[in-house]
Each structure stands twice: as C-alpha cells, then as structure tokens.
Amino acid sequence: MSKPQPIAVQAPTQNEATYEQQNVHEVYEAIASHFSDTRYKPWPVVENFLHGLAPGSLGADVGCGNGKYIGVNRNAVILGSDRSSNLIKIVRDRGFEGMVADGLDLPYRSHLFDFAISIAVIHHFSTPERRLEALKELVRIVRPGGRILVFVWALEQTKFSKRNFEPGEQDVFVPWMLTKKKTSEDNQDEPPRVYNRYYHLFRKGELDILFEQIPGITIESSGYDRDNHYVIAKTSST
C-alpha cells in the first residue's frame, strides 16, 4: 500500500477554533501513543539552545508533545503544556511536569519564564492572526530580556522529508498512518487508519515577519534546519 501524500486545502475563513479542533487536536488525541514513539531524538538547534541556558533557568515548552525536550538540560526547569491530554499523560508518565493548555490562552502569569520554546506547533494554527496571537502569548509569559525559540514547518522541504508538497501550496492536510493491527476474530491485517492533520507551511522569512509585528522583540537569529524555519528572539529588557 502506497504512503498517502499531503493534500492542499483552503484555510478556514471562520470558525477557526472548530476547524483546528477537528483537524489538529482530535487527530493528536487519536495518534498520541504512535506519535510519541516516533519522537525521541532532540533536534540540534533546540538542544544547543537548551544547553546554553544559565543554570536554574525556568522555561515553558508550549506544545510539548511527549516532552522529549523537557529533560534535555537537567540544570533548567521546564514546564510543558499541550492541547492533547493523551500526550500530557505520556509527559507525566515520564516524570515531567505537564498540563493541558491552549497555546492562545496559557495559564501562566505574565513575565514568569526566563525562556520559552515552541517546536513544530505554530504551523497548526489556521490563520495568520492566530499564528501571531500564539507568538504574542509566548512573548507575554517570558520576562524582559528572556529568549524564545520557535520552529515551524517549511514550505521549502528538502532531504529530511519524504513528503511531496505541491509547489506554492502553503495550507495542507498531512496524513498520519497508524500501524496495522491484528484483529481478534480472523487474525487478518486490519487496514491502517489514516488521520489528516492541518499544517500551514511557512515560506522563508514568514516567521520572522510575524515576530517583527510584536513590539519589544529582537530577532537574535533565524535559519533553516530539519525542514523547518526557526527564529530565536529576545524580549526587550526595559
């Protein structure tokens, strides 16, 4: 059976929260365990960022998934949050701190954290306005002089991806195929279930432009890694 390929879609013009609930959150609830099994190796840019923190730093991993980054630097304290309760259960089973929370309305007081990371999350918000609000929420929870690292899927996918995206199509459904299971009745292979997740694929510079719309933000660096665009930004110290 051939692997299903991404499907170009129209981003919603209304009921964005419902759209994301159906095409992002419910999917991750269904695939959480299988998804977690594929997420175990830290990406180098994120790992270097975390190891560069001052000892005792307090941070937030927003959209933490299975918590693979929470324990990278044992000299930092990281609180994880994710919309998927099934993924947060995995985080807690691993002995980490995690809570179910909406990235647009985080349950933290302002200026609490020394840093925040959001890895492969912002691309699941279905409009430019919601993506910007998600970044603003990261800025809100970080103290003056704090740092923020964000990764998003790139439109310009290269060797790390086996997906075939249509040129120029930024809004897509990306399929997730669950592994086959044996049925108890006839011991035949059960057809794999395919779940489609909504993604907005970012063009080069698009994430930078969103950050530049937020007052008091300085972009320290931006780049391309593992078929993602990323930005490291710093909040104003005044």
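This is a predicted model: local features need pLDDT of at least 70, side-chain atom pairs count only at pLDDT 80 or more; totals for chains, interfaces and linings use all residues.
Residues are numbered from 1 along each chain as its sequence is written, and side-chain values use heavy atoms, with hydrogens and water left out.

Helices (H or I, at least four residues) and strands (E, at least two) are DSSP runs, numbered from the N terminus. In helix α2, which covers residues 44-51, the residues V45, V46, F49 and L50 are buried, meaning under 20% relative accessible area, where exposed is over 50% and partly exposed lies in between (1.4 Å probe, protein chains only). Seen down the axis of α2, these buried residues fall within an arc of 130 degrees, so they line one face of the helix; the arc is that of the directions from the helix axis to the C-beta atoms.

Strand β3 holds S81, which counts as buried at 1% relative accessibility.

The whole structure has eight salt bridges, each a side-chain nitrogen of Lys or Arg within 4 Å of a carboxyl oxygen of Asp or Glu. One of them joins the side chains of R130 and E20 at 2.8 Å, N to O. Because R130 lies in helix α4 and E20 in helix α1, the pair ties together parts that are 110 residues apart in sequence. R130 is buried at 18% relative accessibility, and E20 is buried at 2%.
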